[in-house]
Amino acid sequence: MNHLEHTLDLGSADLFPLAREAILTWKLQESAGVISRPVRRAHVGQIVDLWLNPLWPRRAVRLRGRELSIPVGSCEVIEVIDTEVPDRERRFQRAAGFAYRTLPGHLEYGEQTFLVTVSTDDRLRVTITSESAPGHSLLRAFAPLSVSAQKVMAVRYTKGLARLLRSSGAQNPSLQR
């Protein structure tokens, strides 16, 4: 199994509500060129099919009413995180996100977590973690490439969320600092 953890500081904790919605509504995946269907708020037991947009960061091309994309596989949401809990200093720590496990036929075998948190220093951070192994025999033959691809995707997820928040903040001046 390969373990991956990638974290990015997104700025002020004031952006948490927007980041929370982006994570829980699969907009984070969309911002990284991953097409998720059906698009519904993440909930435990939800099964979602994933495709990769090969033209990202441009929009997927539609042909005969369908998006041209690369099938990745299906996953099942196994945990939803949406909390505000007091920490030792009686401040509130906020976290939102979800974890999914891949289903048979997915390119990878394992679990992945997408999480935004507000730290005690009032900074918003996004963390992508995964425990996985290649799920397809061809990918097993090229395992180092599979690990590299996962790292690239983790960066795309975090930077995609940062772009979403910047564009949302530009539309909402009260979020700018």
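## Residue Q150

Q150 lies in helix α4, residues 143-171 (helices are DSSP runs of H or I with at least four residues, strands runs of E with at least two, numbered from the N terminus). At 15% relative accessibility, Q150 counts as buried (buried is under 20% relative accessible area, exposed over 50%, partly exposed in between, with a 1.4 Å probe and protein chains only).

Leaving out residues up to four places away in sequence, Q150 touches L4, E108, S130 and S132 (contact means heavy atoms within 4.5 Å). The side chains of Q150 and S132 are joined by a polar contact of 2.8 Å (a pair of N or O atoms within 3.5 Å; within protein, one must be able to donate a hydrogen and the other to accept it, and residues adjacent in sequence count only if both atoms are side-chain atoms).

## Basis of the model

This is a predicted model, in which local features need pLDDT of at least 70 and side-chain atom pairs count only at pLDDT 80 or more, while totals for chains, interfaces and linings use all residues. Residues are numbered from 1 along each chain as its sequence is written, and side-chain values use heavy atoms, with hydrogens and water left out.

## Residue S137

S137 lies in helix α3, residues 137-141. With 49% relative accessibility, S137 counts as partly exposed. Its C-alpha atom is separated by 9.2 Å from that of L107, 30 residues apart along the chain.

## The chain as a whole

The protein chain has four helices and nine strands. From the N terminus on, the elements run β-α-α-β-β-β-β-β-β-β-β-α-α.

Of the 177 residues, 40% count as buried. The C-alpha trace spans about 50 × 35 × 30 Å along its principal axes.
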